Number of protein chains: 2
Amino acid sequence: MSMKVVFLGTSGAIPTVKRSLPCVVIQRGNELLMMDCGESTQRQMIKAKIGFHKKTKVFLSHLHGDHVLGMPGLLQTMALMNRKKKIEVYGPEGTEAFLRCVQESLRFGLTFDLEINEIHKAGTVCVENDFSVEAVASNHVAPSYSFAFLEKPRPGKFFPEKAKALGVPKGLLWSKLQHGELVALSDGRLVKPREVTGAARSGRKIVYSGDTKPSDDFVKFAFGADILIHEATFDDSLAEKAELDWHSTPSQAAIQAKKAEVKMLALTHISARYTDSTLLLQQAREVFENVVVAEDFLVLDLPLGE
Amino acid sequence: MSMKVVFLGTSGAIPTVKRSLPCVVIQRGNELLMMDCGESTQRQMIKAKIGFHKKTKVFLSHLHGDHVLGMPGLLQTMALMNRKKKIEVYGPEGTEAFLRCVQESLRFGLTFDLEINEIHKAGTVCVENDFSVEAVASNHVAPSYSFAFLEKPRPGKFFPEKAKALGVPKGLLWSKLQHGELVALSDGRLVKPREVTGAARSGRKIVYSGDTKPSDDFVKFAFGADILIHEATFDDSLAEKAELDWHSTPSQAAIQAKKAEVKMLALTHISARYTDSTLLLQQAREVFENVVVAEDFLVLDLPLGE
């Protein structure tokens, strides 16, 4: 299934001319998993041509305004567009009070169910047929979480020529074999999936740090990720400020990436003071080679893997 | 005093690629008067290079999300920037409950006084030394107001050559005469202001409709405005929908402008369905010649007048 990460907002605290407030979307087939929802997320979605009717789960890392103030407007716009599908929101304690108080004080109705799930501890946040989302407490000033999207292992690659050689007719039987089922041919022979497919492939993993100082727990949590999306609010020269404000610098994020043996690092939540991100990129790259500083509307495609 | 109107958001209900949610700012010298504060106003202010530390009054026409959801983020950003000046907010009943509930549920502190003034009836909303703001109930589905900015009459134009001819020395005495004071010369002669200045000039008037259907009350309210900023959500072919949704069409807005004998009409609050506003402009111009359809970041300068 096709999967990509779309950065809708890459600033921290305050937006800039080029960067909107925090929001990253994992688009997996026709489903959205949104990490944080800063002010103007709805407009960024319009600009990125992401629809308002997709199956959607929103994960709020913490209740600082820059990370969540896009939620009320997004919900209202979805209602104006007559959305019917339920939307699921996951966030720390207080998420429900925030969303409900805005809805009540502005008296806007919704055309869909708003399911709010408050997270009270690290662990599995939600489980679907083919993926789950896990949370770990992040190292920030407010009750705050990092999230990991974990795809379940997928069946091995299907080899049509092997199926043909064994005399399996194209169609339903191929599909059954691809999905791990034993099939019986018309001449009575049985064909096992592993005769026509490669080894099962591990699912993809995407980790979103939210706002955090480095921590060993996070390294374990992020281990082996295909993409680690990590905050890098301040450059290394402001490490003391980052420490005081519970944030990370590029080289700290890169050290986390290296320790966690991730495949790729994308830095985000960039302080408004940086109009040019070259310095941040250089500081991270000295530690970890495969790194980008995300810009708004950056899209990272995740290949299916072999 | 220099004065201009800056359109920060010109869409209605839902933003578009080109239009942010409703916000119009009157910039008068170093002071801001903001009409509505849709989501992303803070970022539009950054793009328009309007600072966060100016003396500021915000007037909220009504408590629909598209008109007010930029307030919490704007306040938070002002606090992050260590604003010290009080901010005054004027809006219908419920304004305080909305702003306070967001502030409490997200627990953000402010570095300045937030003075919230709820409007309960038409009349004078605030009075300053040289201007006042008036409100009238607009014709919309929610408790809703239109606002008029009214500058007090200014002293007449000063004629230096007349002062020179009367032997008034340049400097303090000129300034006194300009400001309407009688002055005594060293030879004992008295000079009256009207000997060296023109007639007092009427103050400038800017009217903002908010969301509204046409009404006779509004015509009286807007009479003689230098600029009438009027909503035109739907084009004339959707007049029935406009009626049902308590909105106006371009020709309705233009008829109001004509009846109110305003100098200029600026249409805003444009439905997201219009990617091109030519049609809206044509419909209005058939009724009232001096009209523009506002785009985001349009600036209208108001000359001082004679």
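How many strands does the open sheet of chain A have, and in what order do they stand? The sheet has 7 strands in the order β7-β6-β5-β4-β3-β1-β18, with mixed pairing. Strands are DSSP runs (E, at least two residues) and helices likewise (H or I, at least four), numbered from the N terminus; two strands pair if DSSP finds at least two bridges between them.

This is a predicted model, in which local features need pLDDT of at least 70, side-chain atom pairs count only at pLDDT 80 or more, and totals for chains, interfaces and linings use all residues. Residues are numbered from 1 along each chain as its sequence is written, chains are lettered from A and ligands numbered from 1 in the order in which they are written, and side-chain values use heavy atoms, with hydrogens and water left out.

**The sheet of chain A**

β7 (114-119) and β18 (299-301) of chain A stand at the edges with a single partner strand each, so one side of each lacks a neighbour in the sheet. From one strand to the next the twist averages 15 degrees. Strands β1 (residues 3-9) and β3 (residues 23-28) of chain A run antiparallel and are joined by 6 bridges; F7(A) stands opposite V24(A) in β3(A).

Two helices of chain A pack on this sheet, as tabulated below. Contact means heavy atoms within 4.5 Å; angles run from 0 to 180 degrees between N-to-C directions, with axes fitted to C-alpha atoms, for helices over the stretch in contact.

| Helix (chain A) | Strands touched (chain A) | Angle between directions |
|---|---|---|
| α3 (residues 71-80) | β4 (31-35), β5 (55-59), β6 (87-92), β7 | about 170 degrees with β6(A) |
| α4 (residues 95-106) | β6, β7 | about 150 degrees with β7(A) |

**Cysteines**

Over all chains the structure holds 1 disulfide (a pair of cysteine sulfur atoms within 2.5 Å). The bond joins C101(A) to C101(B), S to S 2.4 Å, and is right-handed, with 75 degrees about the S-S bond. Because C101(A) lies in helix α4 of chain A and C101(B) in helix α4 (residues 95-106) of chain B, the pair joins two chains. Both C101(A) and C101(B) are buried, meaning under 20% relative accessible area, whereas exposed is over 50% and partly exposed in between (1.4 Å probe, protein chains only).

The sulfur of C23(A) is 5.5 Å from the closest cysteine sulfur, in C37(A), which is too far for a bond. C23(A) counts as buried at 1% relative accessibility.

**A helix pair in chain B**

Helices α10 (residues 250-259) and α11 (residues 278-285) of chain B pack at about 35 degrees, with their axes 7 Å apart. P250(B), S251(B) and A254(B) in α10(B) meet L280(B), Q283(B) and A284(B) in α11(B).
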